[in-house]
Amino acid sequence: MTYKLNPNVIINCGFEVNSEHIIATLNQTNSILATLPDNLYRSIDYKTTSSIVGAIFCDNLAKNTGSLVNPIEKGHPDIIPIVAANSPEEVLRNYPLGLEVKCTIGNITQGANLRAGQTRVNFLTSITWQAHHREVRELLGLVWDFVPGLPSFNFPKITAVFYSNQLEFDDWGNISGTTGRNTKVTGLKKSGRLKMGQGWIALLDERQYISIYQKIMEIKGS
């Protein structure tokens, strides 16, 4: 896997994240994803796969940057400075420093009816990330796909990384699932997507991926 990188990326969020940290983490994450049995990906939904991709990425990025994955299940943000290790649970639920990471496979053409293992990039119509509230101001957004590889199965791989620390309340849509037992969720709107696109960090260095991500995310200078 070869990526086109933005070499000027330095994220300061209580610890430093640079493009070298990102590329090392991408390679580690993709390698681990390819060791899991393909039947696992066939039997779970894409939301669960996204959770697996995000969890592996966070674990490796924390190791590469000397930081810590937030040990609280509902803690925010996902990765926090190592000095927070002994903080009480109520502090870790909304720690003031760190990096929030979210993962998506994107939306595809209605009726495409693609299954696990089938590459989606050529059917991609939009990319967004979801959150449980509209207060997320800083976000590292991952995109993944079933990237062509082994003849037997296309394993999931991270195909792009975007970042913004300029998100605002109104960059997130109205929260759905506020009644009944559904999970509350909001999606990043176009205004937020454009901010993420201008903060691109890494794109899979293959023509169709770069072309489609440039169009959807309205990336300039990549």
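The chain has 6 helices and 13 strands, where helices (H or I, at least four residues) and strands (E, at least two) are DSSP runs numbered from the N terminus. The structure is a predicted model, in which local features need pLDDT of at least 70 and side-chain atom pairs count only at pLDDT 80 or more, while totals for chains, interfaces and linings use all residues. Residues are numbered from 1 along each chain as its sequence is written, and side-chain values use heavy atoms, with hydrogens and water left out.

**The chain as a whole**

- A compact globule of 222 residues would have a radius of gyration near 17 Å, and the chain agrees with this because its own value is 17 Å. The radius is taken over C-alpha atoms, and the globule rule is 2.2 Å times the number of residues to the power 0.38.
- Along its principal axes, the C-alpha trace spans about 50 × 40 × 40 Å.
- Of the 222 residues, 48% count as buried. Buried means under 20% relative accessible area, exposed means over 50%, and partly exposed lies in between (1.4 Å probe, protein chains only).
- Among contacts (heavy atoms within 4.5 Å) between residues at least 6 apart in sequence, 59% join residues at least 24 apart.
- The chain exposes about 11200 Å², of which carbon and sulfur atoms supply 48%. Accessible areas come from the Shrake-Rupley method with a 1.4 Å probe, and for residues only the protein chains shown count as cover.
- The mean positions of the 21 positive and 19 negative charges are 8 Å apart. Lys and Arg count as positive and Asp and Glu as negative, whereas His and the chain ends are not counted. Each charge is placed at NZ of Lys, CZ of Arg, CG of Asp or CD of Glu.

- In helix 5 (residues 190–198), the buried residues are Gly192, Arg193, Met196 and Gly197. Seen down the axis of helix 5, these residues fall within an arc of 140°, so they line one face of the helix. The arc is that of the directions from the helix axis to the C-beta atoms.
- The partners against which the buried residues of helix 5 pack are strand 10 (139–146), strand 11 (156–164), strand 13 (200–204) and helix 6 (207–217).
- Helix 6 has Tyr209, Ile210, Ile212, Tyr213, Ile216 and Met217 as its buried residues. Their cover includes strand 1 (3–5), strand 8 (124–126), strand 10, strand 11, helix 5 and strand 13.

**Backbone features**

- Glu218 counts as partly exposed, at 37% relative accessibility.
- Asn113 also has a positive phi of about 55° without being a glycine. Asn113 belongs to the loop between strand 7 (107–108) and strand 8, and is exposed, with a relative accessible area of 55%.
- The peptide bond from His76 to Pro77 is cis, with omega near -5°. Pro77 is found in the loop between strand 4 (68–69) and strand 5 (79–80).

**Thr35**

- Thr35 sits in the loop between helix 1 (19–33) and helix 2 (38–43). Thr35 is exposed, with a relative accessible area of 61%.
- Thr35 and Asn174 are 139 residues apart along the chain, and their C-alpha atoms are separated by 38 Å.
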